[in-house]
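Dear colleague,

Please find below the sequence and the structure that I am handing over to you. My findings follow directly after them.

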Amino acid sequence: MKIAIASGKGGTGKTTVAVNFALALEDVQLFDCDVEEPNCHLFLGFDLEPVEEVACLVPEINPDLCTLCRECASFCKYNALAALPNKILSFPSLCHGCGGCSYICPAEAIEEKPRLIGMIEKASSKNSLTFYRGILNIGEVMATPVIRALQRHIDESRPVILDSPPGTACPVLTVMGYADYCVLVTESTPFGFHDFLLALEAARALKLPVGVVLNRDGVGDSRVEDFCRAKGIPILLRIPDERMIARLYSEGIPFIKEMPEWKEKFRNMLKTINTVICKSEGV
Amino acid sequence: MKICISASGKELDSEVDPKFGRCNYFVLIDPDTGAVTSIKNPGSEASSGAGIRAAEAIVRAGAEILLTGSVGPNSFSVLSEAGIEIYSGIRGTVDFALEEYKSGKLVVLKGPNSSPSKA
Ligand code: SF4
Ligand code: SF4
């Protein structure tokens, strides 16, 4: 069972939900897939150890073989190559590593060389929770290969919670595309609602069953709730706008540690999700 | 020698567009003959690397001097590799920018002055 925790924008409490959810359950894995800003760790405080480095294959052009035919530059749809009259310039940070340019080069002047763009880390085994995270190096824009590398460490035999990047761009779709359920975390404010709809659309496009966690419930209006009721989207959990929760958050403490009564609520959430997944898989 | 100006239209009286990579057109002027030509900026619709495509296009069109506003790091490396002199601070129409250049009112750009656009 793979559950993506997503939200249309950052700052809705997505990471809080992911971390508390993971800590409430037994024998689950937590994967921080928000590789541009991995911050689950801030709440967990585990010792981390490196697992592997992630590289992207980028072209290296041999000027002695290159005939300046321009084919590589006009092929590259990410515009990572520029053809000047006397040389080809490459921009590795824009390269998606598709391998197309070296494939089409008629002079065989292009070789693919690995370039490090990020790394994977995990919590040492003395921690109760299996935790992995991916990190995209500063200045890099290609989050997807790091997320893919991270996914290869998931143990498919146990439930996994995927803290997804915010938004609805490519990295999010990579995470959602891998999941079998999507929990959307949102606040019921006009802006929150707008971003929620975008995220919902993304999950729907991937045919992913969706449930909602209302964070800071009680603040704002009832538009998310009304919408969900009308569309038959379950509200899995409401996290009220409570002083205690806000304080623990600001101190970097997962609220479940100090408020054990929440364990049951998160466990029930897992049960609900489980039922939906089984149904959609026809079990 | 050709002077290239980033613009929103193709004519001398078109408004300039200070965004190098994303402008619609480049107007090229040959100050010796007075000939005016224009090219569509292939970067204006690029999903990534707009500035690179734009810079490549003006190099190939034979520009030697560029009058514009903001240039990102990738565009800047293509332009400087090709030996193009860059001036920034254009405003008004293409004509007006050309006059300001001739009277020395534009400043030479020695490094990128904007961040690459992700979109
Ligand atoms: S396709 Fe090959 S030969 Fe042609 S310009 Fe690119 S590197 Fe050079
Ligand atoms: S590998 Fe693909 S993305 Fe990278 S430069 Fe070549 S064609 Fe462009």
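In this predicted model, helix 1 (residues 14-24) of chain A and helix 11 (residues 262-280) of chain A have axes that come within 9 Å and cross at roughly 90°. Helix 1 of chain A is therefore roughly perpendicular to helix 11 of chain A, a term that covers angles of 65 to 115 degrees. Axes are lines fitted to C-alpha atoms, for helices over the stretch in contact, and angles run from 0 to 180 degrees between N-to-C directions. Helices (H or I, at least four residues) and strands (E, at least two) are DSSP runs, numbered from the N terminus.

To this contact (heavy atoms within 4.5 Å) helix 1 of chain A brings Val17(A), Asn20(A), Phe21(A), Leu23(A) and Ala24(A), while helix 11 of chain A brings Lys263(A), Phe266(A), Arg267(A), Met269(A), Leu270(A) and Ile273(A). By class, these residues are eight nonpolar, one polar and two charged. Ala, Val, Leu, Ile, Met, Phe, Trp, Tyr, Cys and Pro count as nonpolar, Asp, Glu, Lys and Arg as charged, and the others, Gly among them, as polar.

Helix 7 of chain A contributes Pro190(A), Phe193(A), Phe196(A), Leu197(A) and Leu200(A), and helix 8 of chain A contributes Arg223(A), Val224(A), Phe227(A) and Cys228(A). Eight of the residues in this contact are nonpolar, none is polar and one is charged.

Chain A also holds an open sheet of nine strands in the order 3-6-7-2-8-1-9-10-11, with mixed pairing; two strands pair if DSSP finds at least two bridges between them. On average, neighbouring strands are turned by 20° against each other, direction ignored. Helix 8 of chain A packs on this sheet and touches strand 9 (181-186), strand 10 (210-217) and strand 11 of chain A; its direction makes about 160° with that of strand 10. Strand 2 (residues 29-32) and strand 8 (residues 160-163) of chain A run parallel and are joined by four bridges, and Leu30(A) has Ile161(A) as its bridge partner in strand 8.

Asp34(A) lies in the loop between strand 2 and helix 2 (40-44) of chain A. With a relative accessibility of 8%, Asp34(A) counts as buried, that is, under 20% relative accessible area (1.4 Å probe, protein chains only). Beyond its neighbours within four places in sequence, Asp34(A) is in contact with Lys14(A), Asp163(A), Ser164(A), Pro165(A) and Pro166(A).

In chain B, ten of the eleven residues of helix 1 (residues 50-60) are buried, so this helix is largely enclosed by the rest of the structure. Just after helix 1 of chain B, Gly62(B) takes a positive phi of about 90°.

Residues are numbered from 1 along each chain as its sequence is written, and chains are lettered from A and ligands numbered from 1 in the order in which they are written. Local features need pLDDT of at least 70, side-chain atom pairs count only at pLDDT 80 or more, totals for chains, interfaces and linings use all residues, and side-chain values use heavy atoms, with hydrogens and water left out.

With kind regards

Conventions:
Angles under 35 degrees count as roughly parallel, over 145 as roughly antiparallel, 65 to 115 as roughly perpendicular and the rest as oblique. Buried means under 20% relative accessible area, exposed over 50%, partly exposed in between (1.4 Å probe, protein chains only).
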